[in-house]
Every structure is written in structure tokens, then in C-alpha cells.
Amino acid sequence: MTKLQNFILRTSVVLSIVFAVCPTAFAMHIMEGYLPPAMCIVWGVVCLPFVLKGLFTIKKIFAENRRAITMLAMSGAFIFVISALKIPSVTGSCSHMTGTGLGAILFGPCTVSILGIIVLIFQAILLAHGGLTTLGANTFSMAIAGPLLSYGIFRLCKKLNVNKKVGVFLAASLGDLFTYCITSLQLAIAYPSENGGVLASAAEFLDVFAPTQLPLAIVEGILTVLIVMALESYAIPELKAIGYEA
Amino acid sequence: MLIDYYAQLSGLRKYNAGAKAAFAFLNLCIVIAVNKITLSLFVMAFMSLATLLKGKTPLKVYAKLMSIPLAFIVLSSVMIGIEFSSHPLGKYFISLHFIYAGITQNSALTAARVFFKAMAGISSLYLLSLSTPINEIVTVLEKLRLPKIFTELMHLIYRYIFILFDTVFRMQTSAKARLGFCGFKTSCKSFAMVAGSLFISALKKSQAYYDALLSRGYDGRLEFLSEEYPLKASHILSAAIYYVVLFLIAKVGV
């Protein structure tokens, strides 16, 4: 059997399971109680330097401009609200944006790490997406790894003079995909397959979430482009105030 | 925001917030550290009953909330339970022509453990979130000496979320009234326009709120008041009894 056949088969099996079991698509939050304690602690510690860096950055912003406090709080609330809205979807299922790609493009990765961790805490408590013990793992995938990649791609595309729409699309959708890969990897490390270890298990998790996550990443990319375009045509002064370079 | 609404009405509201948070969190840690099905089932039953009977959360609401994470849990537990391989594996397997999907005793046990552990974890989280409004939780975090900037931001974001939700619902309603959500392409466009104008109005509002803060004498420190409920000896005693029972179950369970 070739690799391709194997892949097609797996995907089709998984597709049928997904559509049988799960009518709604979720952003990739790891649920409460899902990870063993060692993993909870390890991912928390991995997040620490990024969160500290974010904290120092915000402290500096506040020292320079006190007005930033209400602005940052509003931005955090904005990310939360955007991620709680149902987005238009092709299959009729209900899905949500992660919003962190947009956040990274607008505010930069350092600020987003702090806003992201707060948003994740609120999502866990108010919406039951994610959890307190899995906060470290979720923070790493959704508030650190995804935004960092999004921001990197966004800057790179700008340097290479790629069309801005393409750049924003790539940044948002690849950031989203990266988040989903990291989450699958986190699940796989926590629960490796008996005969094949972490990699086989990671492939399983990637497969099972692919049918919901791939279209979602593309939709997220399109929406982010549209939002950034809308903002650039109406809100250039406000964007400059938060440090976004048009 | 269903959870916030029922948290305000909860019968467990008047218990000390710090104690509730500590109780739920310790409980979570025990559940994931012990990882036994009997313990998870016990915790799940206890937490659900406490939320339903003591907290007086309506059963319908609670069932709906419990079903939110179910899709994720079922899906990933199935993935942990099923092993793919090129040769027959374990007790039960089906041949998929190219590969075999099998369930071994170990993988099934792991999957069941993970499933119940996650359900128990979620019911413990609900005990906290369905009885304690966020501002009280943030006050607890403040007492744990988290950085002041962090907790101030949390307080403010919690307030602003409701303001923005209100704004966004009005925007979406008016977009719907103009047939803004017919078809996929139009929906995407309307969504982006709503999100864009939401951001602009959010920033405008943030400036007005800063001026409001200044006019009330803001000098770089925000103080939030939140109600404090005393910690009763009977609560500590019942929590202690609960943990002893938990310990005994952890000793004997599978």
C-alpha cells in the first residue's frame, strides 16, 4: 500500500466518524482534565518566558502611555468577543475563529501572549472551552506558537513585498493550522499510541481534527483579510495608535 | 453568557470565593493525578449533584453545558482507544483492507480513563464557574499576588466583554435585517464588516472610558470592590470529610 492510499483511507474513515459523531466544529481547545499532571506543568513552564516577556512589554507600554490600559483591555475583550461569535461556514456546523492571528497582526506577539492567556481563562470559565489545568498547553498553542508564526509570516511577507492581502491571509490561516498541529502534538505526547509512539498518535489526532480545522483555517484567513481591509479603510489613526504599521 | 448568568443566581454564591476556588482546583489536581475510573465517577456525581442541588442550577442548563465539551472528549477518546496497524492487534479489530483498526485492552482502558477523567474535570470546573462570578475569581487571583497589571486587565476585560457583546448583537441584528447573512459570501463580508466596526467602536469607547477614569482621579492604580463572604468552619469540615472519602476511593479504585 502506498503512503497516499494510506492517507486517503485514513482521512475517509475519520471523515465518516467525524460527521457521524460531531456536528459542531470546535476551536482546538484541550478540554479540562484531559492532560496528565506532568504535561500540565511542563507546558506551563514552557509558556513562562513568553508570558514574562509579554508582561514586561505591557508594563513598558503603560509607563509610556497610561491611556493604553483601557485600550489594551478593550483589545482583549475584542479578541474574546470575536472568538465567541459564530462564523459563517459552508457545512452548516457552528464554528469559531481563534482571533489570535488577527491579534498578532494588530498588536504584536508579546501583547497577544498576555491578552491571549486572559482570554483563555475567560473562555474556560465563561464558555467552558478549554480548562484551568490545561491552561498551559492551550496558552502555548493558541496564545504563543500560533501568534508568533502569524506575526513572523506577516513581517516576512511585508519584507518580501508580497501583496498585503496575501500576507494577511497566509499569516492568519497558517497560524491557525500551526495551532492545530501543536495541539495534536500535545495530545499525542500525552497519549502516545501503543505501537508506533508519539508520531503515529500525532498522525491520528491530525487526521481526526483535519476535516474541521482545514476549512476553518481557510475561513479564518479570509475573514482576517476582510477585517484588516475594513480597518485600514476606516481606522488608520486608531491602528497607528496601537502600534500597527500600515 | 449562560454561565455568568447562572453564576450570579447560584445558591453557592454566598460561599467564600477563595475556598471554592481552592476546593475546585485541588479536586481537579487529584482527579488528573489519580486517574482512576471509580474516583472520576465519584467526583463527577458529587460535583454535578452539588451544582444541581446546592447551586440550584436548572438541570436543562447543566445538561446543555455538559454537552459542550462532549464532542471533543468523545472524538479524542475514540482516537486514543483505536490503534491502527498493518497487522491484526488486540482482542477486537476490523480489517480495513489496507490496515487494521483494533482495540487492545490497554488502549480501551486508557480511553475510558481519559473520558471519565475529563468529565470529572469539567464537572469540577463547573462547580466553580457556575457559582462564582469572574470578578470574585479575579479578586482571589489578586490575593495570590499575581501582577497588578494582569488582574487590572482581567477586571477591565470582564466588564468590556459585556459592552462589546451588546454592541455586536445590535450590529448583527441590523445586518440580518438588511439580509446581510444570506449565502456564504455575503455572510463573510458582513462578519468582517461587523468585526471591523466593532473594533473601531471598541477603541472609541476605550478613549471615553479613559477620560471617565481620569475624571474620577485615576493615577495609575485601579481598585475594584468585590463582596467578601466569610469562610465558615462547617464548610472546612465538610471539605475535609470529602477529601478523606476521596482518598479512600483513590486507594481502592481501578
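Among contacts in chain B between residues at least 6 apart in sequence, 71% link residues at least 24 apart; two residues count as in contact if their C-beta atoms, placed from the backbone, lie within 7 Å. This is a predicted model, so local features need pLDDT of at least 70 and side-chain atom pairs count only at pLDDT 80 or more, while totals for chains, interfaces and linings use all residues. Residues are numbered from 1 along each chain as its sequence is written, and chains are lettered from A and ligands numbered from 1 in the order in which they are written.

Chain B holds ten helices and three strands, where helices (H or I, at least four residues) and strands (E, at least two) are DSSP runs, numbered from the N terminus. Reading along the sequence gives chain B the pattern α-α-α-α-α-β-β-β-α-α-α-α-α. With a radius of gyration (taken over C-alpha atoms) of 24 Å, well over the 18 Å that the globule rule (2.2 Å times the number of residues to the power 0.38) gives for 254 residues, chain B is more spread out than a compact globule. The C-alpha trace of chain B spans about 70 × 60 × 35 Å along its principal axes.

Now for the meeting of the two chains: 63 residues of chain A are in contact with 74 residues of chain B. On the side of chain A that touches chain B, at least two residues each come from helices H1 (3-21), H2 (37-64), H3 (68-84), H5 (109-127) and H8 (197-234) of chain A. H3(A) gives the most to that side, with twelve residues.
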